[in-house]
Every structure is written in C-alpha cells, then in structure tokens.
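Here are a few exercises to work through with the model open beside you. Try each task yourself before you read its solution.

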Amino acid sequence: MIVKVLIMAGGYATRLWPVTKDHPKALLPVGNRTILDYIMENVKGLGLETHISTNRFFEAHFRPYADRYGVGLVVEDTLHEEEKLGTVGALKRAVDELGLDDYLVIAGDNIFSFDLQDFLKHYNGNPLIAVYDVGDPELARRYGVVVLDGDRVVEFQEKPLRTESTLISTGVYALPAKTVELIDDYLGDGNKDAPGYFLEWLVRGGAAVHAYRFDEYWYDIGSADSYLEALKTLLKENHVEDIHIGSYAKVIPPVVIKQGSKIIGRSIIGPYAYIGEGCLIENSDISDSIIFGKTVIRNSTIWRSIIDEKCEIRNLELKKSLVGGHAKIQRGD
C-alpha cells in the first residue's frame, strides 16, 4: 500500500531559462493556477503524507505552498545547476530523510488528466507507471519509450535513438519499498537524473513493472511550446481581477488578467493569454502568450511568446520568443 507521496521539484529547468532562472518551474502559472496547484489538488484527495522535494536555491519559493497545503518540504543542499543531485539522487536523499516506504512519486513539472485515486487502484505492490500515447515516434524519442504486453512493461528505453512505439512514461510512479531499496544499487553506475534510466534498469533486470494507460492530455512543461500548449488546454474561462480596461480595448476569452493591470488604447488581449499583476498593455495585441507581472508593452504584437517580469517591450512584433526578466526591447521611437 502506498504510504507517502513525493513531488519532485528540485530541478533548475535550464531549457526554460531565462524565465526559470529565478522562478521554479513547478510554480509557473498555467491559467489561474500554478503547475504545483494542479498536482496538489489531485494529491489531496488521497489523504496520504505528502512532501515536496526541492533545492536550497528555491526553498523560499516553496515554503508558502508547503504551508498552504500542509505538506512537508525536503530540501537538497544545492544552489546551482552543476551541483544538483538529479531526480534519482534527490529521491534517494528524500527517502534517507523520510524513511523506506511505498512511495507515489510525481514529477513537479507534470500536468496530467487522470485521477490519482484511480491510478492507485491499479497498484498491486509492484512498480506502476503512468503511460501516455504521444502519437508520434519522433516526439516519443524525447522521453522513456514503453512496450507493453497487456499491462506489463516488457521493454523500456529512455530517449532511444529510434523507436516505432509512441507510448511513453509520464513521470508518475508508484514504487514499493522493495524497489525504492534498489536505488542504492542502481546509483552505483546509473544515471542520477532521469528516472527513466532507473525504470529501464529495473525492466532489464526482470522486475515486474506495470503500466496504467490514460488518454485526454498530458504535458511535461519542459519547453516554451509545451508550456503554451498546456495553457491553451487548461485555460477554459476568463479570470479577470480588479483591472482597468480602456474604452477601445478588447478582451477575447479565455484569458487570465491579474489585479492592478491596465489594458488601454486599441489593445486586444486573447484568446489564450495570461497577464500578470501590475502590467500596462497599450495599443498592443497579445494572444497565445504568457506575460509576467509589472511588464509594460506598448504598440506591439505578441504571439506564442513568454515574457518575464518587469520588462518593457515597445514597437515590436514578437513571435515564438522567450524574454528574460527586466529586459528592455524597442524598435524606433
């Protein structure tokens, strides 16, 4: 029986830099909630002891969330990407602190459509992983590729060079104590970062690993594209707080616009836009984009872009761009 839940949120998310240089990925907003909120709302129905694993650099960001949800925090003593323990190393560190048990382990950058209570109904004391069909062999190669016989995993390859399977492991694992105990042996010569290598090692060694298949949606928020696609899927309705919208401005749902923002001039916001607190948008069109707080955008068109906090963007057309915090970019006067 699963005893503890462990949410792994200790990475430095370098593929989303510069946005994640000072923001932990698990706390990025997706609509009116963070990635971690989606996970916690699914976890809380389990009634299980829950902990978040993070690093010293982001500890202060996670403390309020841990307090809000009444969960524990396990902190690895690292401050930089080059020091990180890796996900499997961090899992060992957490187990050393919390004790050997049956664990439900969830990647903290994971947004998934299935109910965790249903997932655990399929747990029989052997490792159980959640798997999803991405429908494209090229896309599947970025993840841990799974081949099944019924619900038994007969082959697991982490980031293979070639594959015909499109079924991948998603970062939700139920691990019995007997499997968790093997992490020490694995770390002797295994990859400390991607948990898929540990699962590959287990399957290759003859372990009875089972799969739980689900449909609808799954997002690994590892890139700007996956982040924006998650926003489009999960942003279902308008959430507009105490803001100022000018007479000529237009909001096309669904959008989230946080308090203190001003939308003025002939601006069009949406569809699928997140505007953080205290932004000023003037004579600009913003869609399929995420704009963090206290950013000023004037006379610009922003599409499929992510702009970090306290930026100034003027007289520009930005498409598929990732802009770091405090940037000032303009063309002409």
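**Exercise 1.** Find out which residues Leu 104 touches, leaving aside residues up to four places away in sequence.

*Solution.* Keep in mind that this is a predicted model. Start at Leu 104 and look for its contacts: you'll meet Ile 2, Lys 4, Val 5, Leu 6 and Leu 46. Carry on and you reach Leu 116, Phe 119, Leu 120, Val 172, Tyr 173 and Ala 174. Next, step back to the largest nonpolar core, which has 61 residues; Leu 104 and Phe 119 touch the most other members. Helix H1 (residues 35-43) gives this core its largest share, six residues. Apart from this core lies another, of 29 residues, including Leu 98, Tyr 103, Leu 167 and Leu 187.

**Exercise 2.** Describe what lines the second largest pocket.

*Solution.* Begin with the space, about 520 Å³. Then check the lining: of its 21 residues, His 23, Leu 27, Pro 29, Tyr 274 and Phe 292 lie nearest the centre. Strand S3 (33-34) and helix H2 (59-69) are the elements giving two or more residues. Finally, sort the lining by class: seven nonpolar, seven polar and seven charged residues.

Methods: Residues numbered from 1 in each chain as written. Predicted model: local features only at pLDDT ≥ 70, side-chain atom pairs only at ≥ 80, totals over all residues. Heavy atoms only, no water. 1 Å grid on protein atoms, 1.4 Å probe; cavity = no way out; pocket = protein on both sides within 12 Å on 5 of 7 lines; lining within 4 Å. Points joined across faces, edges and corners; volume = space filled by probe spheres on them. Helix = DSSP H or I, 4+ residues; strand = E, 2+ residues; numbered from the N terminus. Nonpolar A, V, L, I, M, F, W, Y, C, P; charged D, E, K, R; others polar. Core = buried A, V, L, I, M, F, W, Y, C linked by side-chain atoms within 4.5 Å. Buried < 20%, exposed > 50% of the residue type's maximum accessible area, 1.4 Å probe, protein only. Contact = heavy atoms within 4.5 Å.
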